[in-house]
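Me: Please take a close look at one part of this model for me. I would like to know where that part sits and what lies around it.

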Amino acid sequence: MAEHPDPENVVLSSHERLALRSIEAQLSCERRLARGMRRRPRSQLWLPPSVALLTCSSLFLVVMGVRTADPVVIWCFAGLWPFTVVQSFRLLCRAGRGGARITSWL
């Protein structure tokens, strides 16, 4: 399998540099693209409220499950808890990186 060179150590020819500059100039002229690059994705806007809602729901279900010992409530908590943990982990990871995304789901 061929190894890819490190992008920091690549040397471009003058023709390649000129082509790259023209592509960058064309991209910077597109207002919609530039505006979309500055805007936060919608998923980042919904993540904190969804974590808060999932956490409140999980806490309510665990308290009601302990108080009533109803198997349905306990199973609802068991089904909701993994989603709460995953979303909380995503929020903590994003907060630790300053809002940057590592993968499409994190």
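Reply: Threonine 84 is found in helix H4. The model is predicted, so every value here is computed from that prediction. Is threonine 84 buried or exposed? Its relative accessibility is 4%. Buried means under 20%, so threonine 84 counts as buried.

Now look at its neighbours. Leave out residues up to four places away in sequence, and threonine 84 touches Leu54, Thr55 and Ser58. One of these, serine 58, also makes a polar contact with threonine 84. That contact joins the two side chains, at 2.9 Å.

Next, move along the helix. Arginine 90 also has its place in H4, which covers residues 71–97. Its relative accessibility is 13%. That value is under the 20% cut-off, so arginine 90 counts as buried. The side chain of arginine 90 has a polar contact too. The partner is the side chain of glutamine 87, and the distance is 2.9 Å.

Finally, step back to the chain. It holds four helices and zero strands. From the N terminus on, the order is α-α-α-α. The chain has 106 residues, and 14% of them are buried. Threonine 84 and arginine 90 both count as buried. Now take the contacts with a separation of 6 or more: residues 24 or more positions apart account for 48% of them. The accessible surface of the chain comes to about 9,100 Å². Carbon and sulfur atoms hold 67% of that surface.

Notes. Residues are numbered from 1 along each chain as its sequence is written. This is a predicted model: local features need pLDDT of at least 70, side-chain atom pairs count only at pLDDT 80 or more; totals for chains, interfaces and linings use all residues. Side-chain values use heavy atoms; hydrogens and water are left out. Helices (H or I, at least four residues) and strands (E, at least two) are DSSP runs, numbered from the N terminus. Buried means under 20% relative accessible area, exposed over 50%, partly exposed in between (1.4 Å probe, protein chains only). A polar contact is a pair of N or O atoms within 3.5 Å; within protein, one must be able to donate a hydrogen and the other to accept it, and residues adjacent in sequence count only if both atoms are side-chain atoms. Contact means heavy atoms within 4.5 Å. Accessible areas come from the Shrake-Rupley method with a 1.4 Å probe; for residues, only the protein chains shown count as cover.
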